[in-house]
Amino acid sequence: MFSASTKLLCSSHLSFTQNPYPQLLFSPKNQFIHHQKPVIRCARTRSKRTGKSRYPSEKRKLKLTQQTQTQIDKFKGYWRFFKLAVSVDKDPGKDFLDVSLALLEQVAKVLEFPVASMLPPEAFTVLRKSFDARKSQKEPKFVYTVELDVDKLLNMEPRTWDFISRLEPKIGLIEHTPHERVVGDLVNIIHDNKKSNSDGLLGENGHCSSSSSYKLPVTKTPKVAVVGSGPAGLFAALVLAEFGVDVTLIERGQPVEKRGRDIGALVVRKILQAESNFCFGEGGAGTWSDGKLVTRIGRNSGSVLSVMKTLVRFGAPESILIDGKPHLGTDRLIPLLRNFRQHLQDLGVNIRFGTRVDDLIVENGHVVGVNVSDSSGSSQFNSEKLGFDAVVLAVGHSARDVYQMLLSHNMELIPKDFAVGLRVEHPQELINTIQYSKLANEVRNGRGKVPVADYKVVEYVQGDGNNVPFTSQRSCYSFCMCPGGQVVVTSINPSELCINGMSFSRRASKWANAALAVTVSPKDFSALNFHGPLAGVEFQREFEQRAATMGGGNFVVPVQTVQDFMNNKLSGVKAANLHELFPVHITQALQHSISTFDQELPGFISNNALLHGVETRTSSPVQIPRNPDTFESTSLGGLYPVGEGAGYAGGIVSAAVDGMYAGFALAKRLDLYEDDIESIFGRTQNSGSAKY
């Protein structure tokens, strides 16, 4: 669900992650020439966006414009009503996702129907529910998107006929569609795909779930290695296994059961397992995190909806399909991953935990296998060669040894922009009060009527050229906000210290935390004499080593109060002065932005607010070039780099979609599947067995 937000950040400003699916994602004096309120604006292109480059909102506007120009049958299909607002005192609360009388009253206003209680709730479906507590609103409210089944409404209440006859599409408010928008989970989509090919029959209303020409391999069963069991690797493995590929899933870390014990040892006893920690292991780096399922690649796209339905299939609550800002939490991710693993094993996937890929086996410019070794410490084997027809590389953004290995094969790696900064922590009660005022007592540690409050802020700064390497604009913004969470150490090396935030499903902790990140680019890397493809990695490592030294070792996090950071005074567990951590222009960008954030969130600067160092792994520091249609590496045949570690995703959902698309693309190359994946998910929106 949406919690209060001071300013909403437009996805186009997050330059460190780009849409990976082109076919388908107190200011120091004289340092800044701008000191402006954090006005959030979308970047505008000089030429008009067309086709697939349009934003989802632009596509909807175009669709509704075309709709008003054509004759529609108002009494068939479905009407959607957007931005239906219900005040907090009338709404049953954040956990109620059905149709209440208060919501029917808002629907009745749109229909201009005189008696809301006469409208049958069964004719309406809640598609989206979010919470809006912005200061610009008169009062906090829940905001709904509702779908009306016209046939059902007329059958149950014929007197609504005249009112439906007067309905007209309105951009952003009312939309008509001839078909119910439904989507199945990934397993059902592939199964329906096979079935439709085998019987050659169309489904209801002339639509089939997919019409690809699925074929079994004529010779041997293809063998594919998927390296990494994060969301990208899991979804790639799922697609390939469902198409009958002989899949081996290779994970250097441990399954969630053992991984949980290893993480506990790090948190409690400061014992780090180099291959089983917050970054490595089943589920990837997002498992011990907030489990956020928000995405900037199109929440209503067929591919995203399919991923969400697949998560529900494996144990996620159905509320994630409706919540405006869905999240799972670590406690829900762990059983979900066990169910996912069991399904893959039932399909015949060979899952090898505690196995590290040390090298690729390359012949004539084509990957034909991998060299692996035991990473579990059990010394079951020293080295082993495994042959494959293709390798999907889904290793995540912290597998730095893999980047180095790829360079040994003369692969092209491109340094990319990302962000670094500090993680700020406030008492959750303070954030609730800042965002909700008197309504804060309705939070009740995540069990109340309104969601635990969060925030999302951004500020733009530009140097004057005197004391900064360059003068181009950069942004400082909150990232990965974890309401009711905790700060955790995500190091993979004892000499380096990096942190992240995590929370459980109820978000019941007394603390809220978020990264305050500043965008950096290769110009920043070169200013510290870091050059070459892995300059961004060296840039990260430099500040992680500084943070470890400032904390005094043993994974002690250097901490400073926000007020002392603003005033350049010592404070914290190790009397840390975080001014000494980053170059001056990054530190001053953080100070400048924190000062502005305090104007938007009065109380943000407080002695009760702590800054922790250092947050460096907001996204991958490199991108591995690949063919946009086949997903195959442009440097090595048979290698398919996917997900966040390859530089094509920025979160659980976008990584899962990237892995899923790569799985379909590879299945097509293996002659197991011929259709265009875009057409599958396009058609899925108007057919299938389950509503989103």
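How many bridges join strand β1 (residues 78–87) to β4, and in which sense do the two run? I opened the notebook with this question, noting that the model is a predicted one.

**Entry 1: strands β1 and β4**

I found four bridges joining β1 to β4, and the two strands run antiparallel. Next I considered the side chains of β4, keeping a general point in mind. In a regular strand the side chains alternate between the two faces of the sheet. In β4 (residues 174–177), I saw Ile174 and His176 pointing one way, while Glu175 and Thr177 point the other way. I recorded these residues of β4 as all buried.

**Entry 2: the sheet of β8, β9 and β10**

I turned to an open sheet of three strands, whose order is β8-β9-β10 and whose pairing is antiparallel. Which strands stand at the edges? They are β8 (355–363) and β10 (384–387); each has a single partner strand, so one side of each is left without a neighbour in the sheet. I noted that neighbouring strands of this sheet are turned by 30 degrees against each other on average, direction ignored. Between β9 (residues 366–374) and β10, I recorded four bridges in the antiparallel sense. In that pairing, Val370 stands opposite Leu386 of β10.

**Entry 3: helix α6**

I looked up the span of helix α6 (residues 231–242), which has twelve residues. From its first C-alpha to its last it reaches 16 Å, close to the 16 Å expected at 1.5 Å a residue. Is α6 enclosed or exposed? Twelve of its twelve residues are buried, so α6 is largely enclosed by the rest of the structure. Among the buried residues I listed Pro231, Leu234, Phe235, Val239 and Glu242. Just after α6, I noted that Gly244 takes a positive phi of about 90 degrees.

**Entry 4: helix α8**

I repeated the exercise for helix α8 (residues 302–313). Its twelve residues should span 16 Å at 1.5 Å a residue, and its end C-alpha atoms are 16 Å apart, which agrees. Eleven of the twelve residues are buried, so α8 is largely enclosed by the rest of the structure. The buried residues include Gly302, Val304, Met308, Lys309 and Val312. Just after α8, I found Gly315 with a positive phi of about 125 degrees.

**Entry 5: salt bridges**

I then looked for charged pairs. Side chains of opposite charge can pair when their charged atoms come close. How many salt bridges does the structure hold? The total is 32 salt bridges, and I examined a few of them.

In one of them, Arg252 pairs with Asp401, and the closest N and O atoms are 3.0 Å apart. This pair links distant parts of the chain, its members being 149 residues apart. Arg252 lies in the loop between β6 (246–250) and α7 (256–269), whereas Asp401 belongs to helix α10 (residues 400–408). I asked why Arg252 counts as buried. Its relative accessibility is 13%, and buried means under 20%. Asp401, at 34% relative accessibility, counts as partly exposed.

I next recorded the salt bridge of Glu496 with Arg617, whose closest N and O atoms are 4.0 Å apart. This pair also links distant parts of the chain, 121 residues apart. Glu496 is in the loop between β16 (485–489) and β17 (499–503), and Arg617 is in the loop between β20 (610–615) and β21 (622–623). Both Glu496 and Arg617 are buried.

Within helix α13 (residues 535–551), I looked up Glu538 and Arg541. Their salt bridge has its closest N and O atoms 2.7 Å apart. Because Glu538 and Arg541 are three residues apart in the helix, they are separated by about one helical turn. Glu538 is partly exposed, with a relative accessible area of 31%, and Arg541 counts as partly exposed at 21% relative accessibility. I noted that salt bridges that share partners join Arg400, Glu496, Glu538, Arg541, Glu544 and Arg617 into one network.

**Entry 6: a glutamate in a loop**

Last, I looked up Glu157. Where is Glu157 found? It is in the loop between α3 (150–156) and α4 (161–165). At 6% relative accessibility, Glu157 counts as buried. Leaving out residues up to four places away in sequence, I found that Glu157 touches Phe113, Met118 and Pro120.

How values were computed: Residues numbered from 1 in each chain as written. Predicted model: local features only at pLDDT ≥ 70, side-chain atom pairs only at ≥ 80, totals over all residues. Heavy atoms only, no water. Buried < 20%, exposed > 50% of the residue type's maximum accessible area, 1.4 Å probe, protein only. Contact = heavy atoms within 4.5 Å. Salt bridge = Lys/Arg side-chain N within 4 Å of Asp/Glu carboxyl O. Expected span 1.5 Å × (residues − 1). Pairing = 2+ DSSP bridges. Axes fitted to C-alpha atoms, helices over the stretch in contact; angles between N-to-C directions.
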